[in-house]
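Student: I've just opened this one and I'm new to it. Can you walk me through it?

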Amino acid sequence: MRTITDLCWADLGVRLLLRVRRFVCSNQTCPRRTFAERPGQEIKAYARRTRRCTIHLQKVGLLLAGNAGARLAQFIGLPIRSDTLLRLVRAIIVPTCSPPEILGIDDFAKRLGIRYGTLLVDLQNQRLLVDMLPDREKATGVDWLKRYPQITTISRDRGMTYAQAAREALPEAIQIADRFHLSQNLGERLQRILRRLHPTLQEIFGKSATRLLDSSLALKRWEEEKQVSQERRMAVYEHVLALAAQGYNQMELADQLHMGRQRVRHYLKEPPTPPIYKQRST
């Protein structure tokens, strides 16, 4: 007698009591003395569940892993331990695939800001995942890429780690930007061009040129620093003018504001100009 667990019927658990025959071999030289009857593909040898019940639990394990999957299985009438559920997941046969030629590489966060891994995707065959690497270090990427010399194209983000790994392991492979970073590069470049040419646009379009620039767009770090620095200069400039209107001379202004007389004289002469940052060669 074998007890086989099957899928539930409505809210009732189902157990199959299966009577199988056992055969005895009369050949004395045979290493096996007894043979059990095989029910078929739906119930494998030594199995305690039907095939469809096992597939159902494997899907639960893939979606929710061990503890959460075991709680859900208990709720739907298929009680199972978390370790057993993970063993069913590990028993899934992963189909073999041909080595990728067009590879997508990107990182994912195991713990945001602390630990990261790497996802490798076959873009040519639209397959979701080729492999996963435990980190995003250059050496790990180089070791993996060297095992697949047939890769001709690598789609990646703008990080230098993956670029250096691809350049070292596959120097002849073409490196391209993925869709997200391609559109991001285009947007940032267009934003810089519009800001640089804003005075010219004002001459051409007048006041309507301000509509071309969205004030809600995020500034670059050096642009934020430049804006904050100019606001601080203008606050000091307005303070100097207010004290000068009250009758303070240049020496009294310098003593009260703790600045040099030359700087006070410059503020009284004209408002401060925005700071100029020299662009480094790239």
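**A first look**

Tutor: Take the contacts in the protein (heavy atoms within 4.5 Å) between residues at least 6 apart in sequence: 40% of them join residues at least 24 apart. This is a predicted model, where local features need pLDDT of at least 70 and side-chain atom pairs count only at pLDDT 80 or more, while totals for chains, interfaces and linings use all residues. Residues are numbered from 1 along each chain as its sequence is written, and side-chain values use heavy atoms, with hydrogens and water left out.

Student: How many helices and strands does the protein have?

Tutor: Its secondary structure comes to ten helices and nine strands. These are DSSP runs numbered from the N terminus: H or I with at least four residues for helices, E with at least two for strands.

Student: And what share of the residues is buried?

Tutor: Of the 282 residues in the protein, 25% are buried. Buried means under 20% relative accessible area, exposed means over 50%, and partly exposed is in between, with a 1.4 Å probe and protein chains only. The accessible surface comes to about 21200 Å², and 54% of that belongs to carbon and sulfur atoms (Shrake-Rupley method, 1.4 Å probe; for residues, only the protein chains shown count as cover).

Student: OK, salt bridges. How many does the structure hold?

Tutor: Five. A salt bridge here is a side-chain nitrogen of Lys or Arg within 4 Å of a carboxyl oxygen of Asp or Glu. One of them joins the side chains of Asp6 and Arg52, at 2.6 Å from N to O. Asp6 sits in strand β1 and Arg52 in helix α1, so the pair ties together parts that are 46 residues apart in sequence.

Student: Is Asp6 buried or exposed?

Tutor: Asp6 is buried, because its relative accessible area is 7%. Arg52 has 47%, so Arg52 counts as partly exposed.

Student: Which residue does Arg136 pair with?

Tutor: Arg136 forms a salt bridge with Asp107, and their closest N and O atoms are 2.6 Å apart. That pair links distant parts of the chain, 29 residues apart: Arg136 is in the loop between β7 (127-133) and α4 (138-146), and Asp107 is in strand β5 (residues 102-111). Both are partly exposed, with Arg136 at 35% and Asp107 at 24%.

Student: What about Arg158, which residue is its partner?

Tutor: Glu188, with the closest N and O atoms 3.3 Å apart. Arg158 lies in the loop between β8 (153-156) and α5 (160-169), while Glu188 is in helix α6 (residues 179-196), so this pair also links distant parts of the chain, 30 residues apart. Arg158 is partly exposed at 39% relative accessibility.

Student: Back to β1. Which residues does Thr5 touch?

Tutor: Thr5, in strand β1 (residues 2-9), touches Val14, Arg15, Arg48, Arg49, Thr50, Cys53 and Leu78, not counting residues up to four places away in sequence. Thr5 counts as buried because its relative accessibility is 18%.

Student: New topic: how do the axes of α1 and α3 cross?

Tutor: The axes of α1 and helix α3 (residues 82-90) come within 9 Å and cross at roughly 100°. Axes are lines fitted to C-alpha atoms, for helices over the stretch in contact, and angles run from 0 to 180 degrees between N-to-C directions. The two helices are therefore roughly perpendicular to each other, a label for 65 to 115 degrees. Where they meet, Thr54, Leu57, Gln58, Gly61 and Leu62 come from α1, and Leu85, Leu88 and Val89 from α3.

Student: Which residues form the nonpolar patch on the surface?

Tutor: Leu63, Leu64, Leu72, Phe75 and Ile76, with about 520 Å² of accessible area together. Patch residues have over 30% relative accessible area and no salt bridge; like charges are joined within 9 Å, nonpolar side chains (Val, Leu, Ile, Met, Phe, Trp, Tyr) within 5 Å. α1 and α2 each supply at least two residues of the patch. Phe75, found in helix α2, is exposed at 72%.

Student: Last one: what is phi of Ala65 near?

Tutor: Phi of Ala65 is near 65°, a positive value in a residue other than glycine. Most residues other than glycine have a negative phi. Ala65 is in the loop between α1 (51-64) and α2 (67-75), and is partly exposed at 39%. Ala10 has a positive phi too, near 60°; Ala10 lies in the loop between β1 and β2 (12-18) and counts as exposed at 67% relative accessibility.

Technical notes:
Angles under 35 degrees count as roughly parallel, over 145 as roughly antiparallel, 65 to 115 as roughly perpendicular and the rest as oblique.
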